[in-house]
Amino acid sequence: MSVVIVGCGIVGASAAYFLAKEGVKVEILDAIEPAAQATGSADGAVSVASKRPGPVMNAALAGISLYRELSQQGLLAGAFKSRSTFVLASSQIECDVLDAHAAALRGVGLRVDTLSRADLRGRFAPLSSDLSLGLEVFDEGHAIGYQVVHRLLTASAAKVRRNCRVESFLRDEKGTVVGVTTNQGPIRSDAVVVASGNGSADLLGIPDVLIPRKGQLLVTERAPALNAAMPGAIMSGRYLMSKGMQVGAAKADDRGYGTVVDPLATGQFLIGGTRESSAEKHTNDVEAVAEVLRRAVAMVPGLASVRLLRAFAGIRTAVVDSKPLIGRVPGTDNVYVATGFEGDGICLGPVTGQAISQLILDRHVDLDLTPFSPARFTQVGVPA
């Protein structure tokens, strides 16, 4: 059996790994190169703490479990770091969001401790005294997207075609999809997986289902003493609100802010970020960078004396109903889609790749894909 995968981010690379393990011949096509898009500019959170209650949260639980399994097997040893995530509040509305979110997390079996203002002072000396409530969500993790992709591709030995732009599906005389046409010529296969983020919209003809969403992130210089005083990544309650988790939440506006301060193993800090309705990824703007820094310093005042080294942006792919598309494309027997993870791609990438491989091989699918079925949108299909 042969499978062509369109897109070499973490989802495509994961599908390639699990298919190759079962003896499937896999070829991955990417318009640029591996991890060149959202995977390469992600914050690396392998987290349930930031997920909405419901199917995405359930999928994230399965995703973290698979990261641990792959780490214990050696594939992701050293690439996946287990840790807690701390969610913090400084206003009453944020406290209300945290209370509701803690109940949801405990409801799915997660260990969550509530931290008072005094608890926070004891655990996090660098934190602002304005922070009044916190949650410690245990057994979370972190993984750098391009490192995971490198491990998966190396283990799969899949052929990767760079600068290969897929233009359409290839059909036989009966109309069955038998591969894809590309700027490098036709490529035949028994099945096709579309995992190309926003590029999936043109290929499947669904520009009104997928939404490009920009995020701007910052990286500081090394600050070893401050870094060592932070026992884990911190996230503002505002981050949850930017994902619409508060009661009566309105639809995301054009630019939302949700502060995350992540002490990296290098001694640096990764600081995020924005959530914007934009497909422009080549620039950062002063207004956004200044606001992200202001909010980070408000939570960790010591960051004010740490120099900013660089700012970068990436484009995530969102779905209009905030759930990814994972499954067989309606009207076909051998075309599959896995896209629309927005900021959850690093967490959900491997578990999605495993599910897609199980679907293609007609095996039992461990992850419940019903909520993510592409068939929920009548527009999804393979254009004639």
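Biologist: Which residues does Ile5 touch, not counting residues up to four places away in sequence?

Modeller: Ile5 touches Gly12, Ala15, Ala16, Leu19, Val26, Glu27, Ile28, Leu29 and Val193. These are called contacts because heavy atoms lie within 4.5 Å. The model is predicted: local features need pLDDT of at least 70, side-chain atom pairs count only at pLDDT 80 or more, and totals for chains, interfaces and linings use all residues. Residues are numbered from 1 along each chain as its sequence is written, and side-chain values use heavy atoms, with hydrogens and water left out.

Biologist: What makes a set of residues a nonpolar core, and which residues touch the most other members of the largest one?

Modeller: A nonpolar core is a set of buried Ala, Val, Leu, Ile, Met, Phe, Trp, Tyr and Cys residues joined through side-chain atoms within 4.5 Å. Buried means under 20% relative accessible area, with exposed over 50% and partly exposed in between (1.4 Å probe, protein chains only). The largest core has 72 residues, and Ile5 and Tyr67 touch the most other members. Another core lies apart from it, with 25 residues including Val166, Val177, Ile187 and Val319.

Biologist: Why is Ala338 called buried?

Modeller: Its relative accessible area is 2%, so Ala338 is buried by the limit of under 20%. Ala338 is in contact with Val11, Val194, Ala195, Leu325, Ile326, Thr352 and Ile356, leaving aside neighbours within four places in sequence. The C-alpha atoms of Ala338 and Gln92 are separated by 38 Å, and the two residues are 246 apart along the chain.

Biologist: In which strand is the place of Ala338?

Modeller: Ala338 belongs to strand β18, residues 335–339. Strands (E, at least two residues) and helices (H or I, at least four) are DSSP runs, numbered from the N terminus. β18 takes part in an open sheet of six strands with mixed pairing, in the order β7-β2-β1-β11-β18-β17.

Biologist: What makes β7 and β17 the edges of that sheet?

Modeller: β7 (159–161) and β17 (325–328) each have a single partner strand, so one side of each is left without a neighbour in the sheet. Neighbouring strands of this sheet are turned by 20 degrees against each other on average, direction ignored. Helix α1 (residues 10–21) packs on the sheet, touching β1 (2–6), β2 (25–29) and β18, and its direction makes about 170 degrees with that of β2. Such angles run from 0 to 180 degrees between N-to-C directions, and the axes are lines fitted to C-alpha atoms, for helices over the stretch in contact.

Biologist: How do you know that β17 and β18 pair?

Modeller: Two strands pair if DSSP finds at least two bridges between them. Four bridges join β17 to β18, which run antiparallel, and Arg328 stands opposite Tyr336 in β18.

Biologist: What makes strand β6 largely enclosed, and how many bridges join it to β4?

Modeller: In β6 (residues 133–143), 10 of the 11 residues are buried, so the strand is largely enclosed by the rest of the structure. Nine bridges link β6 to β4 (residues 80–89) in the antiparallel sense, with His142 as the bridge partner of Lys81. Strand β3 (residues 45–46) pairs with β6, also antiparallel, over two bridges, and Val46 stands opposite Gly141. Five bridges join β5 (residues 112–116) to β6 in antiparallel fashion, where Val112 faces Val137.

Biologist: Why is strand β15 described as largely enclosed?

Modeller: Eight of the eight residues of β15 (residues 269–276) are buried, so the rest of the structure largely encloses it. Strand β14 (residues 255–263) is joined to β15 by seven bridges and runs antiparallel to it.

Biologist: Why is the pair of Tyr17 and Phe18 called edge-to-face?

Modeller: Rings of Phe, Tyr and Trp (its six-membered ring) pair if their centres lie within 6.5 Å; planes under 30 degrees apart count as stacked, over 60 as edge-to-face and the rest as tilted. For Tyr17 and Phe18 the centres are 5.0 Å apart and the planes make 75 degrees, an edge-to-face pair. Both Tyr17 and Phe18 are buried.

Biologist: How do you know that the charged end of Arg111 sits over the ring of Phe138?

Modeller: A charge sits over a ring if NZ of Lys or CZ of Arg is within 6 Å of the ring centre and within 35 degrees of the ring normal. The charged end of Arg111 sits over the Phe138 ring, 3.6 Å from its centre.
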